[in-house]
Amino acid sequence: MKLLYTDVLIIGGGLAGLRTAIGVKRRGLDPLILSLVPPKRSHSVAAQGGMQASLGNCAKSEGDNEDIHFADTVRGSDWGCDQLVARMFTHMAPKAVRELAAWGVPWSRVRAGVHEAVIHGERVRIQALEGAQGLITARDFGGTKKWRTCYTADGTGHAMLYTLGDRAVAESIPVHDRREALALIHEGERCQGAIVRNLMTGELSAYLARATVIATGGYGHLYAVSTNAIINEGLGQAIALETGVAQLGNLEAVQFHPTAIVPAGILVTEGCRGDGGVLRDVDGYRFMPDYEPEKAELASRDVVSRRMVEHMRKGKGVKGRFGEHLWLDITVLGRAHIEKHLREVKEICQYFLGIDPAVDYIPVRPTQHYSMGGIRTDYRGESPTLRGLFACGEAACWDLHGFNRLGGNSVAETVVSGMLVSEYVADFCTSPEGDIQLSSALAREFLQREQAKLSRLLAATGEENPVALRQQMEHIMMERVGLFRNGAELQTAVDELRILLQRAENLGLRSRQPAANPELVLAYRLPKMLKIALGVALGALARTESRGAHFREDYPERNDRDWLKRTLYRWPESGEPQLDYEPLDVKQMELPPGFRGYGTKNIVEHPDTKARQAEVAQAQQRAPDRFALQEQLMPFRHLLPERYRKPNERLHEPLP
Amino acid sequence: MNRTLRFQIFRHHPLDPQSQPRLETYRLEESPGMTLFIALNLIRAEQAPDLNFDFVCRAGVCGSCAMLINGRPGLACRTLTASLPETITLLPLPNFELIADLSVNTGKWMRALSERLETWVHLNEEPDIDRLEAPMDADLAEQIYELDRCIECGCCLAACGTAQMRKDFVGAVGIHKIARFRADPRDCRDDAAYYEVIGDEDGVFGCMSLLGCQDFCPKNLSLQTQIAFIRRKLARQGWKKT
């Protein structure tokens, strides 16, 4: 048995995993990154539009600060997020952008003087702020009060990932790529590493670590069509679930992005609409202002996606060979803008649709895009139930996004959570709690268990075809656990997924190759995926309300009285999956529950909301400045690592 | 009527002592909008469950799926079958270690390149991230982004004559990366430092200007311009040295 030791085992080599590794290394510990693919091929690379941070450098972001970013994020989450985490995040985002700026990301910069932009389909002229020339600029994104999304053309994720990937090389951080963590090693309630399969040779090894960090992204490919990279199958969440100890939070919170191309499901960035693009129907009519007069195409993603489907249900969709769709029109932006700021969009249109977006409309429809749910952690990124297991980025539910994520907050979250969680991980490792009794017997026990499963599969002659079962799962998720949900469909989904899980015990494989063997890989991943899919469906069935991206046709109201709580999903080692709930405390909220301002108000209020609103209003009158007010309502600074507690400088808020 | 495509796909499993490199033939009915990503997944699902190939983003941005498509390097995910004849031959990318079938280890090669050329911004000091960021000219930021767009897919190496002859040649990808960092004022290295890493025949002076890299770069990077530029700058540096 091959046994490796590292201080911190980081599973996942995307932005969150890389930044965590760098932070841990800088604290004098040895990290090791495991990744299914070379880190620069991670899904982070596909983030196009940008990263939110309240720098306030460009004209349309004048006066922006953490408070406004915080309020946008909480509203965006439909009050489902952890407000302490949202505070820590909005405080850190400017620091993260500035760190990346120094390390090499070529952020787009402010130009002096007057320049043209498109707002609500109209060309307008904007005067740059005095003194802002050369600072990092921002574009508009959905659900935000200010232009806050920092970007490099529409290759933001690429630029960030390459900078951090190269930084990790610079700091001599080892990466074991084309490796997959099959199971977490744990003794009772203490995680101690993972059993790892080499995807090239098939060999299994045990990696023992004082702390294990899961940063494997979301679970989009439980759905037949998703904007996610094909490696985002919920495997990180699944190995946490399979410990029987760790909990997953809010799995039912799944985001559908308004503009993925049809039929390939490849994303075209929200930056298209942020920069002034509009949505049109079969008649070429711009319909969004009819539904959402104020924000129109730039309402929150969940809202725009639902409005699009609503409009198609009225017969206004475009009927195509691959089903119905609507049009995204960016011709109004002009060729020069598209070829400079939306070049990936242009390439995608050219290669996958054979069209020129400077001339033609783009066929789009809402498509699975983001997993708000994930491994439940505290604000430090640690699982409250399985010590030594941490998670960050999209894989986690720590919980920044609640029931709907704002565009531009995910790449920001990856690096911010990496910066923070690495510090907490290092604190943990250097405390007595971080000690482990290295046990090769324990590692052997887990390794033999995994080896036995693989051997059984390689000899399996059952009747079920893993490809067919997977397709059925994807179909169930698309048809019954999608954008619009109801009790009957969800119950059917739960029943069908349970049957699939049983059938997955009777697989038959055609290939007996123990090394690089995609059929074997699918076979052992299938039950993992089904368990996560079942968690999404169970959570959605139980949640009899509509909040953010979770919309129940049979329960259209947001019900704070009964549902202002987080779903916790656990699967005890011997037994049935369980749902538990963790209440959100209205009395502690800096921003008490309110109306998001989309459609008509339909909220069952929480009994504590009124009292808290009054407290907050009173505090607002007394506080001398925004910092004092914030401190009084919900102190958070003491929770930050000491090095990150200082305020952020801005043009209009200089530091001494 | 849809065409029936005839795929000839390279099969070999180097770790399996019984395996012999060979071409196997698969037939598949073409459908509208079919890409090689869709076609290969169908072949795997229906005919060859153990067929290895690499896709990640399937949108032309991650650089995983480069292979030889009828002899020419390209990204399989965004290649439409409609742009190809009825017989489609797929081979793994040359110059990289073969994992199995169409899967090659570009990641390992690129990591080694990164270590060798030190492809990161060499900082004078760590930034104070509480303060305003250092300003940068907007045009310069765009120029750096333009040079930053390489996706490390390996097509330039596969199309390179020098790489066939010199196993340690850094390729267009390596020289272009030096151009990227050289253009970036945040990197404190000078030409002497760049000369150290690519000022020889395994670096910028090994290029024979056959232009294969330029012809097949899926991101249309101006590889030849950058190679010529760096060669001129480093030739001057070499002249100074002696």
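Between chain B and chain A, 47 residue pairs are in polar contact, both residues at pLDDT 80 or more; a polar contact is a pair of N or O atoms within 3.5 Å, where within protein one must be able to donate a hydrogen and the other to accept it, and residues adjacent in sequence count only if both atoms are side-chain atoms. This is a predicted model, in which local features need pLDDT of at least 70, side-chain atom pairs count only at pLDDT 80 or more, and totals for chains, interfaces and linings use all residues. Residues are numbered from 1 along each chain as its sequence is written, chains are lettered from A and ligands numbered from 1 in the order in which they are written, and side-chain values use heavy atoms, with hydrogens and water left out.

**Interface of chain B and chain A**
- On chain B, 71 residues are in contact (heavy atoms within 4.5 Å) with 83 residues of chain A.
- The rule finds 16 salt bridges across the interface, each a side-chain nitrogen of Lys or Arg within 4 Å of a carboxyl oxygen of Asp or Glu.
- One salt bridge joins the side chains of A:Lys340 and B:Glu142, at 3.1 Å from N to O.

**A:Ala619**
- A:Ala619 is buried, at a relative accessible area of 1%, where buried means under 20% (1.4 Å probe, protein chains only).
- Beyond its neighbours within four places in sequence, A:Ala619 is in contact with A:Leu629, A:Gln632 and A:Leu633.
- A:Ala619 and A:Glu479 lie 140 residues apart in sequence and 48 Å apart in space, C-alpha to C-alpha.

Definitions and conventions:
Buried < 20%, exposed > 50% of the residue type's maximum accessible area, 1.4 Å probe, protein only.
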